[in-house]
Amino acid sequence: NAILRYNGGKLERQMVVSIIELRSAVEGGALIRLGRRHTKEDLEELRAMHESYSEIAKHNPDVKTISDALARFHYRICTLSGNQLFPLIMNAFRGVGSVLWEDSARFWGADALLEQGRRILDFLEEGKGEAAADYLNSLFDHYLENMP
């Protein structure tokens, strides 16, 4: 929040890059851990969240609603990874992160975000956390190359 106040509610490009790099390190690590040690219940919970997100996108496709559901899904990945610091770090950037979640929802759109979530879940189900992290990084790279 201090970052946003200092910059008048706007994020400079280098700050966006820095936040995405931090998220890549944290969530990428969470995906790797979760790919190695997930339980059936972990994946069931994430699939249920994804299905809920799909319903939300169908019935209330506004950017704020989609971005909130998207953030909950990705924060849960961090929690389920078993690393106690990953969700704390993600939550520490919740205020400034909400700006990026909303930008992401506008940039990708609900259908693309649903497909991205499906692919991440498929990688996790196959025990391919590294592939899920690589895929996430490819999405980050595409966003940074084309961000508004």
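Helix α6, which covers residues 94–108, has 15 residues that at 1.5 Å a residue should span 21 Å, and because its end C-alpha atoms lie 20 Å apart, the two values agree. The model is a predicted one, and its chain averages a pLDDT of 90, with 93% of the residues scoring at least 70.

**Helix α6 and its end**
- Within α6, the residues V96, G97, L100, W101, S104 and A105 are buried.
- Just after α6 comes G109, whose phi is positive, at about 85 degrees.

**Fold and dimensions**
- The secondary structure of the chain consists of eight helices and zero strands, so the chain, with a radius of gyration of 15 Å that is close to the 15 Å given by the globule rule for 148 residues, is as compact as a globular protein of that length.
- Along its principal axes, the C-alpha trace of the chain spans about 45 × 35 × 25 Å, and buried residues account for 43% of the 148 residues.

**Nonpolar surface patch**
- L22, L85, L88 and I89 make a nonpolar surface patch of about 340 Å², to which helix α5 (residues 85–92) contributes the largest share, namely three residues.
- I89 is found in helix α5 and counts as partly exposed because its relative accessibility is 32%, a value that falls between the 20% limit for buried and the 50% limit for exposed residues.

**Confidence by element**
- Among the elements of the chain, the lowest mean pLDDT, 53, belongs to helix α1 (residues 2–6), whereas the highest, 97, belongs to helix α8 (residues 129–146).

Conventions: Residues numbered from 1 in each chain as written. Predicted model: local features only at pLDDT ≥ 70, side-chain atom pairs only at ≥ 80, totals over all residues. Heavy atoms only, no water. Patch = residues over 30% accessible without salt bridge, like charges linked within 9 Å, V, L, I, M, F, W, Y side chains within 5 Å. Areas by Shrake-Rupley, 256 points an atom, 1.4 Å probe, with all protein chains shown as cover. Salt bridge = Lys/Arg side-chain N within 4 Å of Asp/Glu carboxyl O. Helix = DSSP H or I, 4+ residues; strand = E, 2+ residues; numbered from the N terminus. Buried < 20%, exposed > 50% of the residue type's maximum accessible area, 1.4 Å probe, protein only. Expected span 1.5 Å × (residues − 1). pLDDT = per-residue confidence, 0-100. Rg over C-alpha atoms; globule rule 2.2 N^0.38 Å.
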